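Please look through the sequence and the model shown here before reading on.

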2 protein chains.
Amino acid sequence: MTQPTARTRRLNGLRPTLEDVARGSGVSKSTVSRVINGEGKVRAEVVERVREVVAELGYVPNSAARQLVTRRNNAIAVVASQPQNRLFIDPFFDLHLRGIRKELVAHGAQPVLLFLEEEEEYPRVGDFLGGGHVDGALLFSLRACDPLPGMIERLGLPAVFGGRPLVRGGETLRECVYVDADNRGGAREAVRHLVSLGRERIATITGPYDQEASAVDRLDGYRDVLLDSASPELIERADYTRQGGAEAMAALLDRRPDIDAVFVASDLMASGALQVLRERGLRVPDDIAVVGFDDLAPIAEHTDPPLTTVHQDIEGMGRLMARLLFSRTDDPGAPEPSAAEPGALSSVVTPTRLVARHSA
Amino acid sequence: MTQPTARTRRLNGLRPTLEDVARGSGVSKSTVSRVINGEGKVRAEVVERVREVVAELGYVPNSAARQLVTRRNNAIAVVASQPQNRLFIDPFFDLHLRGIRKELVAHGAQPVLLFLEEEEEYPRVGDFLGGGHVDGALLFSLRACDPLPGMIERLGLPAVFGGRPLVRGGETLRECVYVDADNRGGAREAVRHLVSLGRERIATITGPYDQEASAVDRLDGYRDVLLDSASPELIERADYTRQGGAEAMAALLDRRPDIDAVFVASDLMASGALQVLRERGLRVPDDIAVVGFDDLAPIAEHTDPPLTTVHQDIEGMGRLMARLLFSRTDDPGAPEPSAAEPGALSSVVTPTRLVARHSA
DNA sequence: ATGAAAGCGCTAACAC
DNA sequence: GTGTTAGCGCTTTCAT
């Protein structure tokens with residue numbers, strides 16, 4: 001690194017400012033600002049000199065000062081309000097987050113991750129989100145009746161949700177933009193497939209439908225197809241974990257040893273269910289056909305037998321969330337999503353499709 | 001929510017400012033500021049009125065403005081420069097991050113996570129870190145010769161590293177503060193244990209010692225004990241993954257079928273090694289004794305047989321990192337860590353201990 | 001093409 | 001106790 005010369009030495013003991021760079025290169029702050037932001041017309045010669053001084057001083061723009069006037073930060077919050085370890089275990093989040101990050105980065109925005117585990121963290125996170133640190137927020141994996149959607153709306157912060165948020169009874173969100181898979185349609189397809197295979201006693205292992213909209217929707221899809229034959233006896237609720245799937249499968253088998261198929265609302269749960277089936281000496285798909293949901297490659301391709309499941313483009317959904325957000329933050333005058341102005345910016349439901357492997 | 005009255009309606013169309021609150025409650029900005037920050041003496045009556053108006057307006061302080069004058073943000077960056085999915089799979093990071101977050105939150109600081117996967121992301125992240133968004137940084141899981149330590153030092157941003165960073169050949173960090181386990185000592189203890197069991201041909205499966213200091217140190221510990229009997233034939237390098245551990249075990253067995261013990265430098269790798277041993281019909285610990293490293297409960301307690309391993313307090317190390325950082329950020333006048341001023345703030349090596357289960 | 005000056009929203013002396 | 005004032009570092013008209 002070059003030693004700062006007298007000409008460029010900074011005044012105070014702190015980090016160099018625009019002023020320091022201006023002084024060092026013998027131009028005004030405005031000019032330096034123009035160079036930094038690659039804007040207006042500046043003589044090439046001047047540009048170069050300024051650049052040198054910037055490098056020499058190790059100048060980095062203070063984004064607080066910048067934010068104060070531009071009201072932009074080039075940073076987007078990515079918020080997950082779930083126990084961190086659940087996030088770390090489930091491949092779904094890995095993919096989802098990867099899609100989000102890719103698109104954010106491609107757009108030159110800095111993704112800033114916020115995890116919320118405890119109730120008490122909401123106020124602090126709310127202040128952070130409202131404090132102007134970020135230009136917008138992408139939220140996923142919210143818990144049931146999460147206060148976040150309401151807080152976000154009150155703050156007026158542009159946001160897009162991953163998965164339709166389950167809202168509190170009374171509260172009504174003016175309009176919240178989300179990206180979700182066609183959970184209901186996918187579930188219907190899965191169950192229809194089982195029906196087409198001639199299965200007659202089709203059970204289901206659901207997600208936590210008191211907690212997540214996706215679980216509700218997948219169960220609804222199951223019911224759509226089975227109608228009255230969807231006896232409560234054939235429905236067992238679990239929690240989207242492998243262990244939960246295994247327990248639910250066991251419960252189902254104990255209650256109704258005659259079932260010949262099961263639609264499991266997630267691949268992770270399905271892998272648990274398959275294990276129980278194997279332990280009990282039941283052949284898949286001969287004795288019992290199994291269909292999962294998610295199509296997480298690391299799981300579905302390596303179960304025994306490989307899992308027939310409903311595919312959703314998880315990474316693509318992440319990217320879509322980011323793109324939707326930018327469509328709002330890029331244009332400050334853009335229409336706020338509101339009931340009064342419909343279609344300005346609306347939620348997206350992405351398609352799903354059945355991937356037939358060997359379990360059904 | 002109360003409807004803003006004429007008295008409190010904000011002037012511009014944007015978010016309410018201190019000024020708006022002041023106007024609304026008939027006091028000066030300073031007073032409002034005092035109330036918000038719970039500082040100086042303000043009449044209880046006034047406090048209440050201001051609070052009301054704040055709630056009514058949904059006022060949230062603009063932290064850019066605040067940062068500009070206080071030079072603090074109450075946010076700490078937590079940076080991991082590893083492929084995100086590696087982070088998501090390894091329980092080590094989950095624990096480490098949990099410790100970090102707990103301590104940060106307890107201190108009222110907002111943890112802000114930054115993942116770096118690609119080379120190209122460094123400049124953007126550097127600008128973010130240097131831009132005043134955060135008061136300090138906690139970095140872990142750096143890649144080999146990561147440019148981050150150098151960047152951080154140049155920026156003068158207070159930082160603490162998780163694990164001793166491996167530095168580029170030429171470059172010399174003035175002094176970088178880190179928290180690390182006593183990897184070398186732990187490895188020594190593990191190998192000594194095997195020796196005390198009467199094992200004579202003790203192999204080792206190492207981590208990526210070209211990438212991580214911990215791998216170097218654990219290998220050094222192995223050599224410390226075995227000295228000349230540490231033949232290169234008994235050493236197999238892997239990459240801290242389960243799969244890598246399995247492959248290394250196979251390679252070792254092919255090369256030296258006579259080994260009677262193996263020190264595996266991580267639990268994840270050890271679980272892979274145990275599987276290979278089982279597949280080959282070798283009994284553990286009868287035929288081959290195995291000792292791991294990390295003591296990750298979800299792994300070590302559930303291997304077959306349960307794994308004897310070296311325990312390190314991962315969560316505690318995370319907390320310690322945060323505490324070390326605060327000791328610097330809390331006191332702006334605090335001594336910068338520098339060779340000239342030794343002991344002002346130095347790295348910490350935390351103890352390890354052997355946990356005997358059944359694999360050795 | 002470049003400079004001067006105003007001001008973003010807030011805190012921190014300092015007066016009263 | 002409370003108000004006044006002066007910036008923090010930057011972008012942005014508006015002159016020139």
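A polar contact is a pair of N or O atoms within 3.5 Å; within protein, one of the two must be able to donate a hydrogen and the other to accept it, and residues adjacent in sequence count only if both atoms are side-chain atoms. This is a predicted model, in which local features need pLDDT of at least 70 and side-chain atom pairs count only at pLDDT 80 or more, while totals for chains, interfaces and linings use all residues. Residues are numbered from 1 along each chain as its sequence is written, chains are lettered from A and ligands numbered from 1 in the order in which they are written, and side-chain values use heavy atoms, with hydrogens and water left out.

Consider DNA strand D. A residue is near a strand if one of its heavy atoms lies within 4 Å of it. DNA strand D is surrounded by 26 residues, of which A:L18, A:Y59, B:S30, B:R34 and B:R71 are the closest. Sugar or phosphate accounts for 63% of the atoms of DNA strand D within 4 Å of the protein, and bases account for the rest. Which part of A:N62 lies 3.2 Å from a phosphate oxygen of DNA strand D? It is a backbone N or O atom of A:N62. In A:N37, by contrast, an N or O atom of the side chain is 3.1 Å from a phosphate oxygen of DNA strand D.

Both chains contribute helices to this surface. Helices (H or I, at least four residues) and strands (E, at least two) are DSSP runs, numbered from the N terminus. Helix 2 (29-36) and helix 4 (63-70) of chain A, and helix 2 (29-36) and helix 4 (63-70) of chain B, each supply at least two residues of the surface near DNA strand D. The largest share, four residues, comes from helix 4 of chain A.

Now turn to DNA strand C. Of the 27 residues around DNA strand C, the nearest are A:R34, A:K41, A:R71, B:L18 and B:Y59. Of the atoms of DNA strand C within 4 Å of the protein, 66% belong to sugar or phosphate and the rest to bases. Two or more residues of the surface near DNA strand C come from each of helix 2 and helix 4 of chain A and helix 2 and helix 4 of chain B.

The last stop is the protein interior. Buried means under 20% relative accessible area, exposed over 50%, and partly exposed in between (1.4 Å probe, protein chains only). In helix 3 (residues 44-57) of chain B, the buried residues are B:V46, B:V47, B:V50, B:V53, B:V54, B:E56 and B:L57. Their cover includes helix 1 (18-25) and helix 2 of chain B. Just after helix 3, B:G58 takes a positive phi of about 65°.

In chain A, A:L219 is found in helix 10 (residues 213-226). A:L219 is buried, because its relative accessible area is 6%. Leaving aside neighbours within four places in sequence, A:L219 is in contact (heavy atoms within 4.5 Å) with A:T204, A:T206, A:Y209 and A:I235.

Methods. Expected span 1.5 Å × (residues − 1).
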